[in-house]
Amino acid sequence: MTGKRALDESSITEAVLARFGAAPDPRLRAILQSLISHLHGFVRDVEPTSEEWRGAVDFLARAGRISVDGRHEFILLSDALGISTLVDAINHRARAGATPSTVLGPFYVDDPPVREDGADIADGEEGAPLYVDIEVTALDSRPIPLAKVDVWQSDREGFYDVQHPGEGPHLRARFKTDQAGRLRFWTTAPTAYRIPHDGPVGDMLAAASCHPWRPAHVHFMIEAAGHETLVTHIFLNGDPYLDSDAVFAVKDDLIVDLPLLAPGKGPDGRVIDAPWRWLKYRFVLENASR
Ligand code: BEZ
Ligand code: FE
């Protein structure tokens, strides 16, 4: 009998694979087998000390403890390690001609306030006014009317509304495109901001000498019948963090030039007494695969 129950370095992986090999759902079975193989391979590669392994487990426990509504440390971890970008890339391979997608991030909220075309979602937020003037089309350039467009961005201090507990929605809205697939609204020009870095993910970045900054951007989620939902950002050209985004989400086709324009009459007749910017962009949605 001796030896048979003494799993060691050479036999433990096979034993764990066999234990989970009877999972009835084939997809779950495949995922678990791969997970076990890769995690065991990682441990064999790194050969952590017991203290290092306890530190790793404590890191995950701290990520769980700090997570609440509006603070999703595991999403941050996935984002900061480039896993969210990898998952997105795997799931949006055939996108020739379509607008590239990018990470959702942890600050999306479903059912944001519904606003009308032409609304100002800055609601008093200071900063250069930004006129967003977009068109949503299919791959064949046909406009997509009545597409649902969710928009969200951070404030001047670099925080999203959900990071201010007890405060209502701010700098986020749900719009619909008009019959010509167009949508226009006012907001404020976004600025670069730091991802939440006062928790374990921030400690990991600091320990690796990585900064937590994201280049200035506005988030969009666009949904229309018969098309793949597009989750993306628009970035501002010239931002110093475009090449070192903390979450690896920048793509050239999502960067726009937004020169400062002189005060005066805006495109919708509104009188603007400060320098302002005009974001013009065409979002191209892919046809639904099913
Ligand atoms: C964001 O853009 O809102 C975001 C994305 C990933 C991590 C943190 C924030
Ligand atoms: Fe963001």
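User: How far does a polar side-chain atom of histidine 219 lie from an oxygen atom of ligand 1?
Analyst: In this predicted model, the gap from that polar atom of histidine 219 to a ligand 1 oxygen is 2.9 Å.

User: And what about histidine 217?
Analyst: Histidine 217 has a polar side-chain atom 3.1 Å from an oxygen atom of ligand 1. Tyrosine 193 has one too, at 2.7 Å from a ligand oxygen.

User: How much of ligand 1 does the protein bury?
Analyst: The protein buries 100% of the 260 Å² that ligand 1 exposes when taken alone.

User: OK, how many residues surround ligand 1?
Analyst: There are 13 of them, and the closest are Asp79, Tyr193, Arg214, His217 and His219. By class, that shell has seven nonpolar, four polar and two charged residues.

User: Which helix and which strand each supply at least two residues of the shell?
Analyst: Those are helix 4, covering 73-80, and strand 7, covering 217-223.

User: Switching topic: where does ligand 1 sit?
Analyst: You'll find ligand 1 in the largest cavity. The count of cavities of 30 Å³ or more comes to one.

User: How much space lies in the largest cavity?
Analyst: About 70 Å³.

User: Which residues lie nearest its centre?
Analyst: Asp79, Gly105, Pro106, Tyr193 and Arg214, out of 13 residues that line the largest cavity.

User: And how does that lining divide into nonpolar, polar and charged?
Analyst: The lining of the largest cavity has nine nonpolar, two polar and two charged residues.

Terms used:
Residues are numbered from 1 along each chain as its sequence is written. Chains are lettered from A and ligands numbered from 1 in the order in which they are written. This is a predicted model: local features need pLDDT of at least 70, side-chain atom pairs count only at pLDDT 80 or more; totals for chains, interfaces and linings use all residues. Side-chain values use heavy atoms; hydrogens and water are left out. A residue is near a molecule or strand if one of its heavy atoms lies within 4 Å of it. A polar contact is a pair of N or O atoms within 3.5 Å; within protein, one must be able to donate a hydrogen and the other to accept it, and residues adjacent in sequence count only if both atoms are side-chain atoms. Accessible areas come from the Shrake-Rupley method with a 1.4 Å probe; for residues, only the protein chains shown count as cover. On a 1 Å grid over the protein atoms alone, a cavity is a set of points where a 1.4 Å probe fits but cannot get out, and a pocket is an open set with protein on both sides within 12 Å along at least five of seven lines; lining residues have an atom within 4 Å of a point. A molecule sits in a cavity or pocket if more than half of its atoms lie within 2 Å of its grid points. Helices (H or I, at least four residues) and strands (E, at least two) are DSSP runs, numbered from the N terminus. Ala, Val, Leu, Ile, Met, Phe, Trp, Tyr, Cys and Pro count as nonpolar, Asp, Glu, Lys and Arg as charged, and the others, Gly among them, as polar. Grid points are joined across faces, edges and corners, and a volume is the space filled by probe spheres set on the points.
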